[in-house]
Structures are given as C-alpha cells and as structure tokens.
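Work through the exercises below with the sequence and the model open. Each task is followed by a solution in steps.

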Amino acid sequence: VAQQACPRAMAKNGLVICILVITLLLDQTTSHTSRLKARKHSKRRVRDKDGDLKTQIEKLWTEVNALKEIQALQTVCLRGTKVHKKCYLASEGLKHFHEANEDCISKGGILVIPRNSDEINALQDYGKKSLPGVNDFWLGINDMVTEGKFVDVNGIAISFLNWDRAQPNGGKRENCVLFSQSAQGKWSDEACRSSKRYICEFTIPQ
C-alpha cells in the first residue's frame, strides 16, 4: 500500500509528503496489529476468569455438601450417642441383615462393628438404654463369601473377634453375626434372614 501511495504523493508535493504517508500507513498497521493482540489477550483473560469462576463454584459446592454431611451427622449424634470418633444410632424396627445394612447405608453409616473392648462396653451401655428388653442385635460382620472368614460390610477381614463359648457354630446356615446382651457383649452367628434389631455406626470426620 505504501509503495502505491508514495509515487502519487511525490508527484504532487515531493519527498516530505511521501514520508508522511508512509509514516501514517505504518502507524495504522501497527495500531491494527495492537488491537488484534489486545482482543486475543482480552479473550484469554475472559477464558481464564471463566475457569477461575467454575473452580470457585465447584469448591463452594464441595464445602456446602461437606457442611450438610456434618449437620446430618450432628443430628445423628444428638439422637443417638457419641463414642470416641463414632456415633451410634439404634434402629426402630426389625430387619434382615441385608435390609438393616442397607438402611444404615442410606443414612450415611454402616451396621455397627466394635473394633475393641472399649467399643464392646460402649455398645452394651447404649444397647441397654436404646433397645431395652432386646437380647441381641446385628453387627456388620459376616462370612457369606468364605465359610469361617469373617469380614465387615466392605469385605475387609475382621481382626478383633469377641465370640461367645462354642461360637460360631452355625456353619453355612448361619453367616451373619449378632451382639448378645445376655452374654455380656459376646458374639454368635445367626441366619442372615432372621429379623433382628440393629444399630448403625457413623464415623465422625477429622
């Protein structure tokens, strides 16, 4: 463009005008290039801001859901009892082992699993208060997959066992575990289709 414009300018007013025309055209070209770069940078900034906003929204939702879980857990603990880093909540009806486990999961917990003698004692006390007159209730322990290998509801082997005398004795007919109040918290095996009371366990987040 500069080469086409310059001869015409020189024919009229000489070299000075030619230089001015070239300078003007160069300024316009530089200005156009700068505007294009500015638009690209602006679009990039908008994309970056959109990404940051989405990240912030996702973070907020995560925090809101965490607060909801904590509130739900606090409600459970208020209705039941808190023991160490867990809360226990007794059932209000009789259910088969699988139904009881599903009910606990739907509430955000699992069927109770005592992991040591302190939890055995705590369950005894809570069971007497919350399930008066109930002799036994389900624990979240079974050997349905492999006879004699007792695992929790997640399939992890149980390291702490508290069997009553001559227990377990049901063989393949009795694959689920009961907590016995009359036997001072000792355990016995039972047919999983039996209808029993139960206690749900909820882990308190750290």
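This is a predicted model: local features need pLDDT of at least 70, side-chain atom pairs count only at pLDDT 80 or more; totals for chains, interfaces and linings use all residues.

**Exercise 1.** Find how many disulfides the whole structure holds, and describe the one formed by Cys104.

*Solution.* 
- Step 1. Searching the whole structure gives two disulfides.
- Step 2. Cys104 is bonded to Cys200, with 2.0 Å between the sulfur atoms. The pair counts as a disulfide because its sulfur atoms lie within 2.5 Å.
- Step 3. The angle about the S-S bond is -85°, and the link of Cys104 and Cys200 is left-handed.
- Step 4. Distant parts of the chain are linked here: Cys104 belongs to helix α3 (residues 97–106) and Cys200 to strand β8 (residues 197–203), 96 residues apart.
- Step 5. Both Cys104 and Cys200 are buried.

**Exercise 2.** Describe the disulfide between Cys176 and Cys192, and decide whether Cys192 is buried or exposed.

*Solution.* 
- Step 1. The S to S distance between Cys176 and Cys192 is 1.9 Å.
- Step 2. The link of Cys176 and Cys192 is right-handed, with 95° about the S-S bond.
- Step 3. This pair also links distant parts of the chain. Cys176 is in strand β6 (residues 176–180), while Cys192 is in the loop between β7 (186–190) and β8, 16 residues apart.
- Step 4. Cys176 counts as buried because its relative accessibility is 0%.
- Step 5. Cys192 has a relative accessible area of 12%; the limit for buried is under 20%, so Cys192 is buried.

**Exercise 3.** Determine how many residues of β4 are buried, then identify the pairing of β4 with β6, β8 and β5.

*Solution.* 
- Step 1. Seven of the seven residues of β4 are buried, and the strand is mostly covered.
- Step 2. β4 and β6 run antiparallel and are joined by four bridges. Asp136 is opposite Ser180 in β6.
- Step 3. With β8, β4 pairs in the parallel sense over two bridges. Trp138 has Tyr198 of β8 as its bridge partner.
- Step 4. With strand β5 (residues 151–152), β4 pairs in the antiparallel sense, again over two bridges. Ile141 is opposite Asp152 in β5.

Technical notes. Residues are numbered from 1 along each chain as its sequence is written. Side-chain values use heavy atoms; hydrogens and water are left out. Buried means under 20% relative accessible area, exposed over 50%, partly exposed in between (1.4 Å probe, protein chains only). Two strands pair if DSSP finds at least two bridges between them.
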